[in-house]
Structure formats: structure tokens, C-alpha cells
Amino acid sequence: MATEREKMTAGQPYDQFDHELIARRTTARKQLRAVNQLDDNDERNHGYRQLITDTGDDFFVEAGFKFDYGWNIHIGDHFYGNYDMTFLDTCPITIGEHCYFGPNIGLYTPVHPLNAMARVADVEMGAPITIGDNAWLGGRVTILPGVTLGNNVVVGAGSVVTKSFGDDVVIAGNPARVIKVIDNGATGDAAAKAQWPHAF
């Protein structure tokens with residue numbers, strides 16, 4: 001029989017008042033409160049990584065990081081997160097390599113029923129969020145449950161992402177929509193090298 005944690009992670013209805021889940025949320029809250037006060041970058045980021053299931057070696061987050069569990073957060077190598085990020089990791093949050101997040105980013109996997117009686121009955125569910133490699137999220141971006149973003153996606157500041165998008169696009173707005181397609185092929189490489197020769 002599946003545990004409440006297993007049901008939660010799978011996006012099935014689960015009991016948020018399960019003792020294991022309450023204990024983990026309490027532990028995460030207490031430890032994050034302490035870690036977020038650390039001025040030393042190495043100490044602070046070591047503290048975050050102790051709570052997160054999976055991160056790459058090159059991982060850096062400024063202060064003010066908050067999440068529910070840490071169990072369902074998977075972050076690739078070369079990650080930078082600015083101040084005051086909130087990851088609600090009821091379901092898996094998977095972030096690729098070379099991703100850069102601005103301040104006040106919200107990744108929210110919990111899903112609450114539209115039916116009021118189901119909400120009154122404390123029915124809780126979730127849907128995963130997946131972000132590909134080389135993403136750049138501007139400040140105050142919100143990503144909602146079930147969204148998948150492809151590789152090389154740029155999300156404009158203040159956007160609310162309500163649906164999934166493929167590779168090589170700039171999206172912005174509320175709800176977010178494609179405003180530009182990015183050339184990340186051979187032609188794009190040549191243009192990038194011309195603009196930033198010292199980066200190659």
C-alpha cells in the first residue's frame with residue numbers, strides 16, 4: 001500500500017496531515033529559517049543542499065530560499081538562484097543544467113480542486129514542474145502545476161506560466177505566451193560569438 005508521501009509525489013490525492021509529511025515540513029521550516037540567516041555563501045548553500053534530494057556540484061542560491069519538503073526538488077549542475085525563491089514541491093520539481101533564476105521566483109506544484117466541497121474536505125493533489133537546460137527566468141516569475149518548459153527558454157519578468165512550451169522561445173505575460181523564437185543553432189552560435197567573443 002502506498003504511503004502518503006508516495007501518493008503525494010505521484011500526484012494522487014493524499015493526506016496532508018500525515019505524520020511523516022508534517023514532520024518533514026516542520027524540519028524543513030526550522031532548518032531553512034536558520035540557513036537563510038547565514039551570511040557565508042558556502043555555509044548557506046551547504047545547508048540548502050542538505051535538505052534537497054538532488055543538486056549538481058555547481059549550486060548557488062542567495063538568501064530567502066523556501067520550500068515544503070526538499071524531497072521532490074531535483075536541480076542540475078550550474079544553477080544560480082537569486083533572493084526569495086519559493087518552491088512548493090508537493091510533486092517533483094526538475095530543473096536542468098545551466099539555469100538562472102531571478103528574485104522572487106515561485107514554482108508551485110500543489111493543485112487544489114475546483115469543487116468547493118472537495119476543498120472543504122482537504123483533498124490535496126499536485127502536478128510536476130519540469131524545466132529544461134539553459135533556462136533564464138526573470139524576477140517574479142510564477143510557474144503553475146503541470147508545466148514543462150523545454151531547453152533554452154527565457155521567461156520575462158513578472159510572467160505567470162500556466163501551460164507548457166517547447167525549446168528556444170522567449171515567453172512573457174499573464175498568462176505567458178511566446179513573444180520571440182530564439183536562434184540557438186549554428187547561425188545563432190556565430191552571432192553570439194560575434195557579440196561576446198571573450199565568452200567562447
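Is Cys-91 buried or exposed? In this predicted model, Cys-91 has a relative accessible area of 1%, so it is buried. Cys-99 counts as buried too, at 0% relative accessibility.

What about disulfides? A disulfide needs a pair of cysteine sulfur atoms within 2.5 Å, and the count here comes to zero. For Cys-91, the nearest cysteine sulfur belongs to Cys-99 and is 20 Å away.

Now turn to the aromatic rings, where the structure holds eight pairs. One of them joins Tyr-69 and Trp-71: the ring centres are 5.4 Å apart and the planes meet at 10°, so this pair is stacked. Tyr-69 is buried at 2% relative accessibility, and Trp-71 is buried at 14%.

Phe-87 and Phe-101 make an edge-to-face pair, with 6.2 Å from centre to centre and 65° between the planes. Phe-87 sits in strand S6 (residues 86-88) and Phe-101 in strand S8 (residues 99-101), so their pairing ties together parts that are 14 residues apart in sequence. Both are buried: Phe-87 at 0% relative accessibility and Phe-101 at 2%. These two also belong to one aromatic cluster, along with Tyr-48, Phe-59, Phe-65, Phe-67 and Phe-79.

Finally, an unreviewed UniProt entry places the feature "domain: Maltose/galactoside acetyltransferase" at residues 5-57. That span is 62% helix and 4% strand, and its end C-alpha atoms lie 27 Å apart.

Terms used: Residues numbered from 1 in each chain as written. Predicted model: local features only at pLDDT ≥ 70, side-chain atom pairs only at ≥ 80, totals over all residues. Heavy atoms only, no water. UniProt positions renumbered as here; feature names shortened; annotations may be inferred. Helix = DSSP H or I, 4+ residues; strand = E, 2+ residues; numbered from the N terminus. Buried < 20%, exposed > 50% of the residue type's maximum accessible area, 1.4 Å probe, protein only. Phe/Tyr/Trp six-rings, centres within 6.5 Å; stacked < 30°, edge-to-face > 60°.
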